[in-house]
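Have a look at the structure first, then read on.

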Amino acid sequence: MQVYQSTVDPAEIAKFEAMAAEWWDPAGKFKPLHMLNPCRLDYITGQIAAEFDRDLTDSTPFAGLRLLDIGCGGGLLSEPMARLGADVVGADAAEGNIPVAQVHAEQAGLSIDYRHTTAEALADAGEQFDVVLNMEVVEHVADPLSYLTATQRLLRPGGLQICSTLNRNPKSYAMAIFGAEVVMRWLPRGTHEWSKFITPGELFDLLRQAGLDPVDRKGFVFNPLLWSWSVSASDLSVNYVTASVKPG
Amino acid sequence: MDNPDQARIVRHMSETQDILIVGGGLNGPVLALALAQAGHKVAVIDALPVQTRSEDGFDGRGYALALASQRLLAAIGVWNRVADHAQPMLEIKVTDGHAGAGPSPFFLHFDHAEIEEGPMGYMVEDRHLRPALLAAMAETDAITVINERRVVAQETDHNGASVTLDDGTELTGALLVGCDGRTSGTAGRAGIKRAGWDYGQTALVCAIEHDLPHNGIAHQFFMPPGPLAILPLTGNRSSIVWSERTEMAHRINALPEEDYLQVLRPRFGDFLGDIRLRGGRFTYPLNLTIANSFVAERVALVGDAAHGMHPIAGQGLNAGLRDIGALAQVLTEARRRGEDIGFPPVLERYQQWRRFDTATMAVATDAFNKLFSNDNPALRMARDVGMGLVGSVPGLRRAFMREAAGLSGDLPLLLQGRQI
């Protein structure tokens, strides 16, 4: 495994590989994310293609686009974006995720710049992106407005931000906390704090205050009969996603 | 290197492909063309020399392509190469025959005018379909064809698949697809087991020339030893498929030509006038085999490798083309959203789409054959009444026709004639 950077302790590699295998096990701990992923990717790829006039039937339609994946985890979104040709930076505040994601990307033959950092630090360093993926993060931050302002500063004028989160209503409480954490045990208990959930109206207001123009919102809906997720134009009652553009 | 062709071949062989297809029969090339058109880079590994695949003489073999199958071939640019040689099937007549006693008064009549989508299907001869596939592949840069090489080893892990050929060449890719038939080595090496049973019947296949025109009508007679199908080819020619108990079939097939015809003639009467054999005679043992899984780590199975069916209703190739339509669509949608095309959830989507459909079809054709390959008077009466019922209720008849034309179920885009 001498292909890895010399800065990584070789004794740690086996551990990172095991953790990467866990992230990428479709039936394992991150099963709910893997189930949601095709649906998230359909939305993300469709919005990027529309905004930057790209043809998804091309082999690398996102070539030339610099993309930031905030809260990249094991790279479940970073890898598809790199495969489509984007120049990807994956950022995660959890330091342990970075070598894990790196190991997996190298195994997959993908070049991705994974960094242990935050949106605020990247913005302060003057980093600029065409696309910022801000998926299932905003409901975990202490100050959503200051966080979203940082993500806005990371965009070039005309850049696109995709932001998804959880709605706040009795149904989202039942589905996301009682259903996903307690009943299905898809997520560890305490993953979510319901009072931090944000309604679509509130998120649009926050995005505008942060200096972005919200242009689209859709729901991610789970169908228990088909046991799969789909994008819905009308049902934003639990999981939903927004697209915003930085004016310029 | 002095020989530029040699240089090109060597370079291709050292390349990594997206998808490795094992099997150069019909399904392998069709899948390769469907995938290449959608932007994938593929290699097709064929154990046979290319000459064997492109021999031009008429050997009597033909395929009854359902309308949906014809649409798939049109969508991947193959149909225009065979259209001039295809015979539309305008009507299908199903009769409960009884050797020596003539057909029963009950019969089913399917007329394409009732489904309003075109003919029920087309008959295409093997000698036209294979060269068309080879020519289309040769014109496609994204397809590398490797002839006269067998796979001697395959390896998969969570990152990819590789195969070693009998000349030592190693090919790697994200996914390995077995289009290598009922005895699929790809399935075997992947540890996929099969279930199945033998019918004790063998199909006899030949082509005839007849004095009277067939008017585009296909006939299916159900007789105690097994069904007999007369499928219209271009001109005054028809393809004949009939089945007999295996021992009897081999005895018939060994007969001199005139004696063979003496056995055949009374089985469908004289409505086409006098008949003569054209091309060769073939036998195919009838058995049903289904793979316990259509996918494994970095492996997918297509066509007979996944499900060898009783060819009673010509559903073998048509079912394979449905697999191809589904797999090409699943892989292309995955690729366009940036997924790793060999990732287990991607392959599971293909399996979910095709496995239920296939099991249903296999069980239905098996039951159909058991019901009709029987001379029990009660069963015979039951099926006559059943056929009378199906035939007299237009809605029911249309449902049967749409099924036969391959137009029912959750159709992959290619089988609707649409691009992915």
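Strand E2 (residues 87-92) of chain A is largely enclosed by the rest of the structure, because 5 of its 6 residues are buried. Buried here means that 20 or more other C-beta atoms lie within 10 Å of a residue's own, with C-beta atoms placed from the backbone. Helices (H or I, at least four residues) and strands (E, at least two) are DSSP runs, numbered from the N terminus. Keep in mind that this is a predicted model: local features need pLDDT of at least 70, side-chain atom pairs count only at pLDDT 80 or more, and totals for chains, interfaces and linings use all residues. Residues are numbered from 1 along each chain as its sequence is written, while chains are lettered from A and ligands numbered from 1 in the order in which they are written.

**Around E2 of chain A**
- Strand E1 (residues 66-70) of chain A runs parallel to E2(A), joined by 5 bridges; strands count as paired if DSSP finds at least two bridges between them.
- A:Leu68 has A:Val89 in E2(A) as its bridge partner.
- Getting from E1(A) to E2(A), the chain passes through helix H3 (residues 78-83) of chain A in a right-handed β-α-β crossover (with the strands pointing away from the viewer, the path from the first strand over the helix to the second runs clockwise).
- E2(A) is also joined to strand E3 (residues 113-116) of chain A, by 4 bridges and again in parallel, with A:Val89 opposite A:Asp113.
- Helix H4 (residues 97-107) of chain A carries the chain from E2(A) to E3(A), in a crossover that is right-handed.

**An open sheet in chain B**
- Three strands pair antiparallel in the order E3-E7-E4 (chain B).
- Strand E3 (62-66) and strand E4 (87-89) of chain B are the edges, each pairing on one side only.
- E3(B) and strand E7 (residues 121-125) of chain B share 5 bridges, and B:Ala64 has B:Met123 as its partner in E7(B).

**Nonpolar cores**
- The largest nonpolar core has 110 residues, and B:Ile21, B:Leu31 and B:Ala300 have the most contacts inside it. A core is a set of buried Ala, Val, Leu, Ile, Met, Phe, Trp, Tyr and Cys residues joined through C-beta atoms within 7 Å.
- Helix H10 (residues 315-336) of chain B gives the largest share of this core, 9 residues.
- A second, separate core of 61 residues includes A:Phe16, A:Cys39, A:Val88 and A:Ile98.

Note on methods:
Buried ≥ 20, exposed ≤ 12 C-beta atoms within 10 Å, placed from the backbone.
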